[in-house]
Amino acid sequence: MAEFYAYTDGACSGNPGPGGWGALLQAKDGGTVVKERELKGGEAETTNNRMELLAAISALETLGRPTSITIVTDSAYVKNGVTGWIHGWKRNGWKTAAKKPVKNVDLWQRIDEAQKRHDVTWEWVKGHAGHPENERADELARAGMAPFKKGAT
C-alpha cells in the first residue's frame with residue numbers, strides 16, 4: 001500500500017515582498033516513488049510565513065479524498081503552529097496568549113479546515129541542509145515567486 005508525503009516550502013524576497021510556495025507530493029511504495037505531483041504559486045506582496053502556510057494548505061486541499069499523509073516542512077512556525085499553538089488560539093477565539101489577534105489567522109483557519117478530512121502527520125526537517133525533497137520544494141517555491149519579482153517578464 002502506498003504511503004503519501006508532501007514536502008512543502010515557502011520563499012520570500014524581502015519580508016514582506018514577492019513570495020512563492022512549493023509542494024512536492026509523492027506516493028511511495030516500499031520507499032520507491034510511484035507517483036508524484038508538483039505544485040507552486042506566489043504573490044506579489046506577502047511574507048515568508050504566509051508562503052510556508054500556503055504550501056501546506058495547497059498540498060492538503062489538492063488531495064481528492066481523505067488521505068493519510070506526512071507533511072514535511074522546514075518551517076518550525078508551521079509545524080509548531082499546527083501541532084500546538086492552534087489549539088489554544090481556537091479556544092481563545094483566535095487570540096494569542098497575550099490576547100492579541102493571531103497573525104495570518106485566515107491561513108491558520110484554512111489549514112485547520114483542510115487537515116480535518118485527512119490523517120496528517122507533521123514532520124520538521126532542517127532547511128537548506130541537502131534533504132533532496134526539501135530542496136525540490138524550495139526550487140518550486142522560488143519558481144512560484146519568480147513571476148512576482150521586479151524585472152520579471
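As a general point, nonpolar side chains in soluble globular proteins tend to be buried together. Please keep in mind that you are looking at a predicted model.

Leaving out neighbours within four places in sequence, L60 is in contact with I69, I71, I111, A114, Q115, R117, H118, V120 and W122.

Now let us step back to the whole chain. The protein has 4 helices and 5 strands, and reading along the sequence gives the pattern β-β-β-α-β-α-α-β-α. How far apart in sequence are the residues that touch? Among contacts between residues at least 6 apart, 66% join residues at least 24 apart.

The overall dimensions come next. Along its principal axes, the C-alpha trace spans about 45 × 40 × 30 Å. A compact globule of 153 residues would have a radius of gyration near 15 Å, and the protein has 15 Å, so the value agrees with that expectation. Of the 153 residues, 46% count as buried. The accessible surface comes to about 8100 Å², and 50% of it belongs to carbon and sulfur atoms. As for charge, there are 21 positive and 19 negative side chains, and the centres of the two sets lie 7 Å apart.

Is T73 buried or exposed? T73 is buried, because its relative accessible area is 0%, and the cut-off for burial is under 20%. Setting aside residues up to four places away in sequence, T73 touches T8, E52, V78, K79, E123, W124 and V125. T73 and G127 are 54 residues apart in sequence, yet their C-alpha atoms are 8.2 Å apart in space.

In the loop between β1 (3-12) and β2 you will find P16, and the peptide bond from N15 to P16 is cis, with omega near 15°. In the loop between α2 and α3 sits K99, whose phi is near 70°, a positive value in a residue other than glycine. K99 counts as exposed because its relative accessible area is 61%, where the cut-off is over 50%. The loop between β5 and α4 (132-145) holds H128. H128 also has a positive phi, near 55°, and is a residue other than glycine. With a relative accessible area of 55%, H128 is exposed.

Methods:
Residues are numbered from 1 along each chain as its sequence is written. This is a predicted model: local features need pLDDT of at least 70, side-chain atom pairs count only at pLDDT 80 or more; totals for chains, interfaces and linings use all residues. Side-chain values use heavy atoms; hydrogens and water are left out. Helices (H or I, at least four residues) and strands (E, at least two) are DSSP runs, numbered from the N terminus. The radius of gyration is taken over C-alpha atoms; the globule rule is 2.2 Å times the number of residues to the power 0.38. Buried means under 20% relative accessible area, exposed over 50%, partly exposed in between (1.4 Å probe, protein chains only). Contact means heavy atoms within 4.5 Å. Accessible areas come from the Shrake-Rupley method with a 1.4 Å probe; for residues, only the protein chains shown count as cover. Lys and Arg count as positive and Asp and Glu as negative; His and the chain ends are not counted. The place of a charge is taken as NZ of Lys, CZ of Arg, CG of Asp or CD of Glu.
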